[in-house]
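Morning, everyone. I'll walk through strands, helices and cavities.

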Amino acid sequence: MLKTLVLCSPLIIFFFISYKALLVLEQGPKLPTIFVITPTYNRPVQQPELIRLSQTLKLVSNIHWIVVEDAPKPTERLRHLLTRTGIAYTQLATGDKQVECSGTGRPGRGITNRKVALKWLRENTKEGVVFFADDDNAYDLRLFDEIRWTKKVSVWPVGFASRTYAIGSPIVQNGIVTGFHDGFKGNKDRARKFAVDMAGFAVSIPFLFRRPNATMGCDEGYLEDQFLQSLEVSIDELEPKAENCVQVLAWHLKSGKTEIPQISNLELVNNVNSTNLPKLYDHFFNIH
C-alpha cells in the first residue's frame, strides 16, 4: 500500500498542478476593478431607475458600486435596495451641507455626491478605474469591457447628450482625439476645453491619485471640463473607446420629448470624412 501511494503521488501532484494551471488560463489576468459612482436622490422614480442600472451592473465582473444619496446620512431604504442587488457596494451620503453651483446660490446637482465619492476612493483604494454613472442613464455591457483597461482617461460617445446635437462625441482622426462634437461648447466668453458628458469618460485611479488636487468642479455646465482640466491631461492623450468612437454605448434616458441627431450637424465639422463622425451617425441610426 505504501509503495502504491509513493508511485501515485507524482501523478497526483502533476494532476493538481495541471488543474491549477487550467484555472489560471481560464481566469486570465486579474481584472481591474471598475468603481462606478452614482449620485442619487429621493424621488418617485429613484427605485426603478436604480434597479434598472443594477441589472446592468450585475452582469459586469469585478465591479464596485459607490452610491451617494442626497441625505444627511445613509438611509435604510436605500441600503435594503443595494443589498438585494448582490453587487459589491458602498453607500454614502452628502451630509447636511451641499456644494453650491458657482454664481447660482443653489446646490449643484450631483456635485457634492461625486466629491464625497472621490474622497472615499482616495482613502480606500489604490487601483482600478472610476466611472460616473448616473441612475437615469443606460449603458451597454461592451462599455465596461473597454474602460476597464483605461491607462489615463478614456472617452466615448453618449447618445442624447445634448439638445442641440442629440449626440456628443470626441472627434477622432487616425486613432487620436482631436476635438469634440457636442451641442454645448461653452458660453461666448468661456469655451469648454473638454466638451464631454459626465457619462462619456473614465479615469484610471493610479493616474487620478498622481493628481492630488484633481476634484469635481462647481460651475454649472462646466463640471466635466473642470474635472478633466484638474487632471492635467491633454486632448491628444485621451483614449478613444467604442471602436474609436463610432459606437454609442452610453445613453441619456429622460422622460419627455427626445431630439435625434441631424445629419446636417456634420457640415459644421472640418474634414469630417477623415473623422469618426460619419460612421458614428450611421451606427446611431442603424444597429450594428
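**Sheet, helices, cavities**

Strand β4 (residues 129-132) pairs with strand β12 (residues 201-204) in the antiparallel sense, over three bridges. Pairing here requires that DSSP finds at least two bridges between two strands. Helices (H or I, at least four residues) and strands (E, at least two) are DSSP runs, numbered from the N terminus. Phe-131 has Ala-202 as its bridge partner in β12.

Before I go on, the ground rules. This is a predicted model: local features need pLDDT of at least 70, side-chain atom pairs count only at pLDDT 80 or more, and totals for chains, interfaces and linings use all residues. Residues are numbered from 1 along each chain as its sequence is written, and side-chain values use heavy atoms, with hydrogens and water left out.

Back to the sheet. It is open, with seven strands in the order β3-β2-β1-β4-β12-β6-β13, and the pairing is mixed. The edge strands, β3 (89-93) and β13 (239-240), each pair on one side only.

Now β1. It pairs with β2 in the parallel sense, over seven bridges. Phe-35 stands opposite His-64 in β2. Seven of the seven residues of β1 are buried, meaning under 20% relative accessible area, with exposed over 50% and partly exposed in between (1.4 Å probe, protein chains only). Both faces are covered: Ile-34, Val-36, Thr-38 and Thr-40 on one side, Phe-35, Ile-37 and Pro-39 on the other.

Next, helix α2. Which of its residues are buried? Gln-46, Glu-49, Leu-50, Leu-53, Ser-54, Thr-56 and Leu-57.

Helix α9 (residues 277-285) buries Leu-277, Leu-280, Tyr-281, His-283 and Phe-284. Their arc is only 160° around the axis, which puts them on the same side of α9. Packing partners are β7 (158-159), β8, β9 (176-181), α8 (242-245) and β14 (250-252).

Last, β8 again. Strand β8 (residues 167-173) gives the largest share of the lining of the largest cavity, three residues.

Notes
The arc is that of the directions from the helix axis to the C-beta atoms. Contact means heavy atoms within 4.5 Å.
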